[in-house]
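Please read it alongside the sequence and the structure shown here.

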Amino acid sequence: MTFQDIFKSGFLEGMAEFSLPDILIGMLFTLITGLFIFVIYKKTFTGVMYSTGFAMTLVGLSLVTALVIMAVTSNVVLSLGMVGALSIVRFRTAIKEPMEIVYLFWAIAAGIVIGAGMIPLAVIGSAVIGLVLLVFANKNLYDNAYILILNCSTQESENAALALLKSSVKRYAVKSKTVNAQGIELTAEIRMKDGSTLFVNQMNEIPDVENTTLVSFNGEYMA
């Protein structure tokens with residue numbers, strides 16, 4: 001095939017043969033793969049608020065991508081038009097969790113691979129990705145961090161609270177300390193020995209300790 005053959009109308013207008021069973025099988029496998037991604041996302045979600053809309057977007061994104069790839073591979077003119085049309089699309093939705101990017105690319109990749117006719121690759125690849133995400137999501141690779149906010153009115157109460165904190169947690173690090181006319185506010189990042197939070201109750205019973213607050217912290221948000 002020479003360069004001039006590209007401009008022949010027979011080549012540009014040529015359509016690949018797409019039978020109805022092929023289309024239905026491709027869309028069916030795309031739907032199954034998209035639902036599989038949906039389930040994995042739901043089981044591995046560790047954010048603040050679970051978004052059903054985003055999870056369903058993963059299914060729809062897989063289907064739409066597969067449909068576009070099927071159309072692109074069927075006609076050269078249509079593929080060039082779609083490339084130009086998709087190049088001007090801009091998405092402004094903010095990604096709240098870094099892992100959401102993984103699931104978005106996973107859904108798009110599954111749709112591309114199935115749309116190109118490589119169904120076994122999409123099925124086996126999605127199974128491996130889902131297994132890896134499940135294993136690492138259910139395995140606690142690090143201690144959960146917590147933020148302790150302590151309000152007290154005297155230096156003695158602060159020392160007593162820190163002594164109790166040192167004996168009750170695995171380790172702690174003071175992040176900030178504010179002293180004013182109302183008293184002392186201390187913020188510390190702690191790593192607990194276990195899931196028990198009884199030391200917070202004991203700390204609040206120390207004389208001149210006005211308020212004690214414990215919140216979970218993952219480096220991006222507190223809950």
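## Model and confidence

The model is predicted. Its mean pLDDT is 78, and 75% of the residues score at least 70. Among the elements, helix α2 has the highest mean pLDDT, at 90, whereas helix α1 (residues 9-12) has the lowest, at 45. The pLDDT is below 50 over residues 6-15, a stretch that has 15 contacts in the model beyond near neighbours in sequence.

## Overall architecture

The protein contains 8 helices and 4 strands. Read from the N terminus, the order of elements is α-α-α-α-α-α-β-α-β-β-α-β.

Of the 223 residues, 30% count as buried. Among contacts with a separation of 6 or more, 68% are between residues 24 or more positions apart.

## Packing of α2 against α3

Helix α2 packs on helix α3 (residues 52-72) at an angle of about 155°, and the two axes are 8 Å apart. Because angles over 145 degrees count as roughly antiparallel, α2 and α3 are roughly antiparallel to each other. Their crossing is right-handed.

On the α2 side, the residues in contact are Ile23, Gly26, Met27, Thr30, Leu31, Gly34, Leu35, Ile37, Phe38 and Tyr41. They meet Phe54, Ala55, Met56, Leu58, Val59, Ser62, Leu63, Ala66 and Met70 of α3. By class, this contact comprises 15 nonpolar and 4 polar residues, with no charged residues.

## Packing of α2 against α5

Helix α2 (residues 20-44) also packs on helix α5 (residues 98-115), here at an angle of about 165° with the axes 10 Å apart. That angle makes α2 roughly antiparallel to α5. The crossing of α2 and α5 is right-handed.

From α2, the contact involves Gly26, Phe29, Thr30, Thr33, Phe36, Ile37, Ile40, Tyr41 and Thr44. Their partners in α5 are Glu100, Tyr103, Trp106, Ala107, Ala110 and Ile114. The contact of α2 with α5 has 10 nonpolar, 4 polar and 1 charged residues.

## A loop residue with positive phi

Asp208 lies in the loop between α8 (198-204) and β4 (209-217). Its phi is near 70°, a positive value in a residue other than glycine. Is Asp208 buried or partly exposed? With a relative accessibility of 42%, Asp208 counts as partly exposed.

How values were computed: Residues numbered from 1 in each chain as written. Predicted model: local features only at pLDDT ≥ 70, side-chain atom pairs only at ≥ 80, totals over all residues. Heavy atoms only, no water. Axes fitted to C-alpha atoms, helices over the stretch in contact; angles between N-to-C directions. Helix = DSSP H or I, 4+ residues; strand = E, 2+ residues; numbered from the N terminus. Parallel < 35°, antiparallel > 145°, perpendicular 65-115°, else oblique. Left-handed = near helix turned anticlockwise from the far one by under 90°. Contact = heavy atoms within 4.5 Å. Nonpolar A, V, L, I, M, F, W, Y, C, P; charged D, E, K, R; others polar. pLDDT = per-residue confidence, 0-100. Buried < 20%, exposed > 50% of the residue type's maximum accessible area, 1.4 Å probe, protein only.
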